[in-house]
Amino acid sequence: TELAKALAEFKRVLKPGGILIIREPAYSWLKSHHDTIFESSERFTKKELAKKLKNVGFLIREKTYINTLLFPLVLLKRLFERKDYPVAEMFPKNSLFNFFYYILVLEAWILKLISFPFGLSVVCVGQKKE
């Protein structure tokens with residue numbers, strides 16, 4: 001796949017002990033028109049993404065879901081959204097954007113303490129063997 005090729009290239013160019021941080025959309029069942037607009041071809045569980053990194057030789061240092069606090073809102077939106085909404089609807093108004101920003105700041109602080117069991121995205125930190 002394209003992702004496997006990209007991961008192999010990241011591994012090739014990293015110095016021994018180098019770190020790769022990769023963020024991908026989570027859960028194939030959440031695939032929607034949003035993925036089409038932003039050209040996301042795949043969605044993963046954290047186990048699936050970690051396996052892809054391991055398959056090309058990375059050591060997994062961390063794996064977690066993120067955008068967990070917004071998960072319920074997006075799930076509701078996905079259940080009721082039209083399949084052909086315009087791109088302009090993807091970008092929130094300023095006050096709504098500020099709300100989302102503060103939610104993500106709160107989540108970043110919480111992530112220092114725990115790993116989330118679900119979320120809209122998955123993050124894996126891989127390390128090239130020394």
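This is a predicted model: local features need pLDDT of at least 70, side-chain atom pairs count only at pLDDT 80 or more; totals for chains, interfaces and linings use all residues.
On helix 4, the face turned away from the buried side carries the exposed residues L76, L79 and F80. The protein chain has five helices and three strands, and along the sequence they follow the pattern α-β-α-α-β-α-α-β.

**Helix 4 and its two sides**
- Helix 4 spans residues 71-80, and F71, V74 and R78 are buried in it.
- Viewed down the axis of helix 4, its buried residues fall within an arc of 70 degrees, so they line one face of the helix.
- Helix 2 (33-37) is included in what covers the buried residues of helix 4.
- L76, L79 and F80, by contrast, are exposed on the face turned away from that buried side.

- The loop between strand 2 and helix 4 holds T68.
- With a relative accessible area of 7%, T68 falls under the 20% cut-off, so T68 counts as buried.
- Setting aside neighbours within four places in sequence, T68 is in contact with E107, F116, F118 and G119.
- For F118 there is a further detail: its backbone oxygen lies 2.4 Å from a polar atom of the T68 side chain.

**Strand 3 and its partners**
- Strand 3 covers residues 121-128, and eight of the eight are buried, so the strand is largely enclosed by the rest of the structure.
- S121, V123, V125 and Q127 point one way from strand 3, while V122, C124, G126 and K128 point the other way; the residues on both sides are buried.
- Strand 1 (residues 19-25) pairs with strand 3 in the antiparallel sense, over seven bridges.
- Within strand 3, S121 has P25 standing opposite.
- Strand 2 (residues 58-66) also runs antiparallel to strand 3, and eight bridges join the two.
- Here K63 stands opposite C124 of strand 3, and C124 is one of the buried residues of that strand.

**The chain as a whole**
- The protein chain has 130 residues, and 35% of them count as buried.
- Taking contacts between residues at least 6 apart in sequence, 80% join residues at least 24 apart.

Technical notes:
Residues are numbered from 1 along each chain as its sequence is written. Side-chain values use heavy atoms; hydrogens and water are left out. Buried means under 20% relative accessible area, exposed over 50%, partly exposed in between (1.4 Å probe, protein chains only). Helices (H or I, at least four residues) and strands (E, at least two) are DSSP runs, numbered from the N terminus. Two strands pair if DSSP finds at least two bridges between them. A polar contact is a pair of N or O atoms within 3.5 Å; within protein, one must be able to donate a hydrogen and the other to accept it, and residues adjacent in sequence count only if both atoms are side-chain atoms. Contact means heavy atoms within 4.5 Å. The arc is that of the directions from the helix axis to the C-beta atoms.
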